[in-house]
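Here is a short briefing on a predicted model. Please read it alongside the structure below.

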Amino acid sequence: MALALARKYRPRSFDDLVGQESVSVTLSQALDSGRLTHAYLFSGLRGSGKTSTARIFAKALLCERGPSSRPCEECLHCTMANENRHMDIIEMDAASNRGIDDIKELIEHTRYKPGSGRFKIFIIDEVHMLTTQAFNALLKTLEEPPDFVKFILATTDPLKLPATILSRTQHFRFKKISRKLVHRHLEHILNLEKIAYESDALEIIARSGAGSLRDSLTLLDQAIVYSKEKIDIATVTGMLGIIEPAALDNLLDAIFHKDRERILSFIASSTEYEAEMIIDELTLHIKELLLNREGPFTPMILDRFFRILADARSLLHIGSDGEFVISLTLFKMLEALNIREIDETIAILQKELSSKGSPAVVTTPATAKRASSSAGKADMKASSPEAASEDGASIAQRGGDTGELKFKTLIAKLYDRDYDLGSCFEKNIRFKSYEGSTLSWISSAEGEERKMLIKHWSLIRTFVQEIYGLSTKISNIPAQKSAETSPGEDKKKADNISSRDDGEIARTERLAECELPDNASGSSTLESVQFPADCEKEEKEASIEKEPSKLLDEAMVKEAIELFGAKKVRIRRKS
Ligand SMILES: Nc1ncnc2c1ncn2[C@@H]1O[C@H](COP(=O)(O)OP(=O)(O)OP(=O)(O)O)[C@@H](O)[C@H]1O
Ligand SMILES: [Mg+2]
Ligand SMILES: [Zn+2]
């Protein structure tokens, strides 16, 4: 009968050990430097090389030309050790010899000198299986054995060992062997065995081995028997009862393309498999996509898939019907694609914000209302994209049409903020010109509507500055007077107004004048209408009570004057 691959290819030297470099390097150094202790503990996953390492270490300790990390492999000790018949290497399986009597016998053995070697080496496998009494009996010897005694304890479960044992041993942890290394090792063995294989099939075996080389080699043995000419994916997936990776690729492709038909046919064809296996395989497949950055799915989407699959697993655990869980899971994955990613959403919002007032995509209640009540305003949306990327100042250079387009954006923005305000503004304010940083418009607002515009003046001005640039001045031309002025005059007047405004306000503060000379020119700023010139009498009364100049010095009042660009300040007595 052919020897199982795992036995046939048991490592004979530290160099043969796969994926346990830190252990083999440390042990080699200890051997070469002669810094040896009397008790070692090897722990780690099943089939990861603990027993093999214990044997290599024992051989290295006993080699005639040793102790050395590279035993000669020729001397009697090496030969006997390799043949597993060295009388000074005593292996004990604690799983089947776990009682106090077994340990007493072992302790008895430690009293006698080695037969031919320099050490007597005790390898106790699965040491965590010993009974508490057996552990206690071992403690004393483990701590102070005769000089010629070495202990090598091996376990898959070091947490089950009493602390007293752990503290008396040098502990070496064996790692899970990476899939890449297992894969390479399997290829190496098949090449030596001259057996044909598909590399992807070995990948599946390595994955199923889950970090244990022995498990992987046992599966490989099985696959050799199972396959006819060569070890291929179909052989391995058939043998393991798992779904082929290509089927999963196809499924994920169907999900990505929202192809319900293909998903349904997958569900129909997957009934022969265990639902749990499909979920596990899908999870592993997605994990691979994530790690290799393959496939059309972003990490965000894959994260959602993981959660959905985790839900599926818990549904299966509570005994839900497998086919139902698979169907539900796949359609949830389909659904998960519809949710916009946070990054994407942020990018869209940022774009909208930077488009300075475009109402195009963000659907606030105001825009919704507007859209339904006023179909005729669709052109406002159209105006925003060009306006979006431009900065007010640069537009100020160009004026003309762009100024008018911006005006539409302004209207849209006002609508967005307050539907009634937007509607009032649009109805009453007509764009006239935008030149030299001055936006001129013609206002036909009267009565309540005029009051409304005045009330929201600072908001309107803020929006104007946001859209046209910070240095923009507004020239408000009452409708009846606009007919008498030309655009050139407007500009001149606006300039006058603004320069005069600053002067006036300064003067107002300084002299605490209640009312400033009214605007004699044809146009006036909106600010001016806010403060009718009818307060002379009241002002006198107020000034009796309090010095108006002091009032005007108050921070809040100053701020209000600045905010509203006020030219007249009316101080009213509290009644
Ligand atoms: N690190 C490794 N390098 C090379 N082969 C390994 C390694 N680990 C395990 N093997 C293979 O697996 C077989 C079993 O390994 P070994 O007996 O050393 O594992 P173990 O860790 O003692 O396992 P267990 O905990 O089940 O006793 C070896 O004969 C060898 O073929
Ligand atoms: Mg072992
Ligand atoms: Zn030797």
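S8 and S9 form a hairpin, with two residues between the strands. Gly436 sits in the turn and has a positive phi of about 50 degrees. The model is predicted, as are the features described here.

**The hairpin and its sheet**

- Strand S8 covers residues 429-435, and strand S9 covers residues 438-443.
- The two strands pair in the antiparallel sense, over six bridges.
- Phe431 has Trp441 of S9 as its bridge partner.
- Ser433 is bridged to Ser440, again a residue of S9.

**The five-stranded sheet**

- A sheet of five strands runs in the order S2-S3-S4-S1-S5.
- This sheet is open, and its pairing is parallel.
- Its edges are strand S2 (89-93) and strand S5 (170-174), each of which pairs on one side only.
- Neighbouring strands of this sheet are turned against each other by 15 degrees on average, direction ignored.
- Strand S1 (residues 39-44) pairs with S5 in the parallel sense, over five bridges.
- Within this part of the sheet, Phe42 stands opposite Phe172 in S5.

**Helix H3 across the sheet**

- Helix H3 spans residues 50-62.
- H3 lies across S1, S2, strand S3 (120-125), strand S4 (149-155) and S5.
- H3 runs at about 170 degrees to S4.

**The surroundings of ligand 1**

- How many residues surround ligand 1? The shell holds 23 residues.
- The closest are Arg10, Gly49, Lys50, Thr51 and Ser52.
- Helix H1 (5-8), H3 and helix H10 (213-226) each supply at least two residues of this shell.
- By residue class, the shell has nine nonpolar, eight polar and six charged members.

**Helix H11 against H10**

- H10 packs with helix H11 (residues 233-240) at an angle of about 115 degrees. Their axes are 10 Å apart.
- H10 is therefore roughly perpendicular to H11.
- The crossing of H10 and H11 is right-handed.
- On the H10 side, Gln222, Ala223 and Tyr226 make the contact. On the H11 side, the residues are Thr235, Val236 and Met239.
- Four residues of the contact of H10 with H11 are nonpolar, two are polar and none is charged.

**Helix H11 against H9**

- The axes of helix H9 (residues 199-209) and H11 come within 8 Å. They cross at roughly 25 degrees.
- Is H9 roughly parallel or roughly perpendicular to H11? Their crossing angle makes H9 roughly parallel to H11.
- The crossing of H9 and H11 is left-handed.
- H9 contributes Asp200, Ala201, Ile204, Ile205 and Ser208 to the contact. H11 contributes Ile233, Thr235, Val236, Thr237 and Leu240.
- The residues of the contact of H9 with H11 divide into six nonpolar, three polar and one charged.

**H11 between two partners**

- Thr235 and Val236 of H11 take part in the contact with H10, and Thr235 and Val236 also take part in the contact with H9.
- The crossing with H10 is right-handed, whereas the crossing with H9 is left-handed.

Definitions and conventions:
Residues are numbered from 1 along each chain as its sequence is written. Chains are lettered from A and ligands numbered from 1 in the order in which they are written. This is a predicted model: local features need pLDDT of at least 70, side-chain atom pairs count only at pLDDT 80 or more; totals for chains, interfaces and linings use all residues. Two strands pair if DSSP finds at least two bridges between them. Helices (H or I, at least four residues) and strands (E, at least two) are DSSP runs, numbered from the N terminus. Axes are lines fitted to C-alpha atoms, for helices over the stretch in contact, and angles run from 0 to 180 degrees between N-to-C directions. Two residues are in contact if their C-beta atoms, placed from the backbone, lie within 7 Å. A residue is near a molecule or strand if its C-beta atom, placed from the backbone, lies within 6 Å of it. Ala, Val, Leu, Ile, Met, Phe, Trp, Tyr, Cys and Pro count as nonpolar, Asp, Glu, Lys and Arg as charged, and the others, Gly among them, as polar. Angles under 35 degrees count as roughly parallel, over 145 as roughly antiparallel, 65 to 115 as roughly perpendicular and the rest as oblique. A crossing is left-handed if the near helix is turned anticlockwise from the far one by less than a right angle, and right-handed if clockwise.
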